[in-house]
Structures are given as C-alpha cells and as structure tokens.
2 protein chains.
Amino acid sequence: MNDAFKALSDPTRRKILQLLKEKDLSAGDIADQFNISKPSISHHLNILKQARLVEDERQGQSIIYSINLTVMQEAMGWFLGMIGTKGESHDDERK
Amino acid sequence: MNDAFKALSDPTRRKILQLLKEKDLSAGDIADQFNISKPSISHHLNILKQARLVEDERQGQSIIYSINLTVMQEAMGWFLGMIGTKGESHDDERK
DNA sequence: CTTATATTTAGATGATAAGCTAAATATTGA
DNA sequence: TCAATATTTAGCTTATCATCTAAATATAAG
C-alpha cells in the first residue's frame with residue numbers, strides 16, 4: 001500500500017497509468033510518449049510493477065504492460081475511509 | 001494536484017491526516033503521536049498545508065490543525081477516472 | 001518586562017530518487 | 001550463427017527529501 005502511494009507520487013508514472021488505462025502497450029510504445037530515455041521509463045515501469053499497479057508479459061521481442069486495478073481500488077478505499085464523516089468511527093461516540 | 005499526491009506519498013503525513021480526520025489537533029498534540037522531533041512534524045504539516053490537505057488557525061499559544069477534504073475529493077476523482085472501464089473514454093469508440 | 005510555553009525557521013546531513021549513457025540480455029529472422 | 005530489434009541492468013550524477021539540533025518568533029501569565 002505504501003509502495004502504491006509512493007509509485008503514484010510521480011507524474012510520469014501517473015501518466016503511464018493513464019496510457020495503460022486506454023490500452024495495453026509495449027515498453028517502447030510507452031517510452032515514445034515521453035521525453036525521457038528508455039532506461040528511465042523502464043525504471044518507472046519497474047516501480048509500478050513492484051507496487052503491483054501494472055503487470056507485464058513478454059510477447060515476442062516486446063514486453064507488453066497492462067494496468068492492474070486491484071491495488072488502485074485499495075487506494076481508493078483509503079480515500080473513502082478518509083472522506084467519511086469527521087470523527088464518525090469512534091466506538092465511544094455519543095448518539 | 002501533484003502536490004497532493006506528493007504529500008500523500010509519506011506514511012507519516014498520511015497518519016497525520018488520519019488523526020485529523022478524527023478531530024482537530026494542535027501541532028504539539030500531533031507531534032506527541034510520533035517518535036519524530038517537533039520541527040520535523042512542523043515540516044510535514046507545512047507540506048500538507050501547501051497541498052491544501054490541511055488548514056491551520058492560531059488559538060492562543062497553540063496552532064490548531066484541521067483536515068480539508070476538498071483536495072482529497074479531487075484525488076478520489078482521479079482514481080474514479082482510472083477505475084472506469086478500460087479504454088471507455090475514447091471519442092472515436094465504436095458503440 | 002521577564003519567564004514559560006508552543007511552534008516555526010535556519011542550516012546541516014544522510015538517504016532516496018530520477019535522470020543519463022553504456023553495456024548486457026533476450027528474441028527474431030536471415 | 002550473425003545481425004537487428006526490444007528491453008533491462010549497471011554505474012554514475014544531481015536533486016529532492018526526511019530528519020536532526022539550535023535558534024528565532026509569538027503568545028500568555030506572572
């Protein structure tokens with residue numbers, strides 16, 4: 001969970017996720033969307049992979065990346081818990 | 001928005017937000033919950049403030065911090081857009 | 001006006017992180 | 001097997017960040 005928040009803190013990685021939301025892409029196709037070297041993009045993809053925000057699968061020469069929404073939904077859960085009524089979750093709350 | 005994601009990437013700051021979700025607290029009361037020096041906590045609070053995730057107001061000697069859910073709701077919106085059906089938001093999508 | 005309390009600011013340090021180039025690995029096809 | 005293509009790994013540099021101590025600021029109380 002912490003890894004996911006860390007991964008999401010970088011704008012390049014968030015943009016990668018938005019691209020993958022549209023459709024699966026190879027590492028090279030992703031790199032083409034940025035003014036950043038391929039090795040750097042590969043590094044970002046690795047961070048996203050460790051956070052389990054993306055998955056990869058080799059297809060011939062290419063490695064195809066796809067988004068994994070499971071962790072994103074968990075993060076959303078954190079926000080939902082946050083946005084609930086202030087102080088609601090007290091056991092000793094008076095009615 | 002980027003500031004918010006950056007601010008949320010630190011576990012100490014996320015815990016501060018969770019404390020403030022329960023009730024407003026002074027800077028000192030917040031610092032007491034961590035094994036981190038008061039200046040460091042002050043620094044974290046400043047980052048949260050710049051991201052507009054918290055607000056502060058002086059009350060006598062103390063400065064009281066409170067959570068501001070507006071930006072958090074915006075971040076939630078980002079997640080919602082992300083979790084929508086893969087590829088849905090194309091203009092040229094065929095029905 | 002002096003002291004005590006609460007918080008922040010300043011300045012320094014060590015750890016993380018993002019970026020690069022060059023080299024290594026893996027796959028395909030001639 | 002050799003050359004081309006796709007991606008990652010290694011190693012380095014620079015910048016950002018979390019943390020600390022010491023000093024500064026602001027309010028309250030005697």
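1. Strands here are DSSP E runs of at least two residues and helices are H or I runs of at least four, numbered from the N terminus. Please keep in mind that this is a predicted model, where local features need pLDDT of at least 70, side-chain atom pairs count only at pLDDT 80 or more, and totals for chains, interfaces and linings use all residues. Residues are numbered from 1 along each chain as its sequence is written, chains are lettered from A in the order in which they are written, and side-chain values use heavy atoms, without hydrogens and water.

2. Six bridges join β2 (residues 54–59) of chain B to β3(B), running antiparallel; B:Glu55 has B:Ser66 as its bridge partner. Strand β1 (residues 25–26) is also antiparallel to β3(B), through two bridges, with B:Ser26 opposite B:Ile64. Pairing requires at least two DSSP bridges between two strands.

3. Now to the partner chain. The contact (heavy atoms within 4.5 Å) takes 33 residues from chain B and 33 residues from chain A. About 3,000 Å² is buried between them, 66% of it from carbon and sulfur atoms; buried area is the accessible area (1.4 Å probe) lost on putting two parts together, summed over both. In chain B, B:Lys21, B:Phe79 and B:Met82 lose the most area to chain A, together 23% of what that side buries.

4. On the side of chain B that touches chain A, α5(B) gives the largest share, 11 residues.
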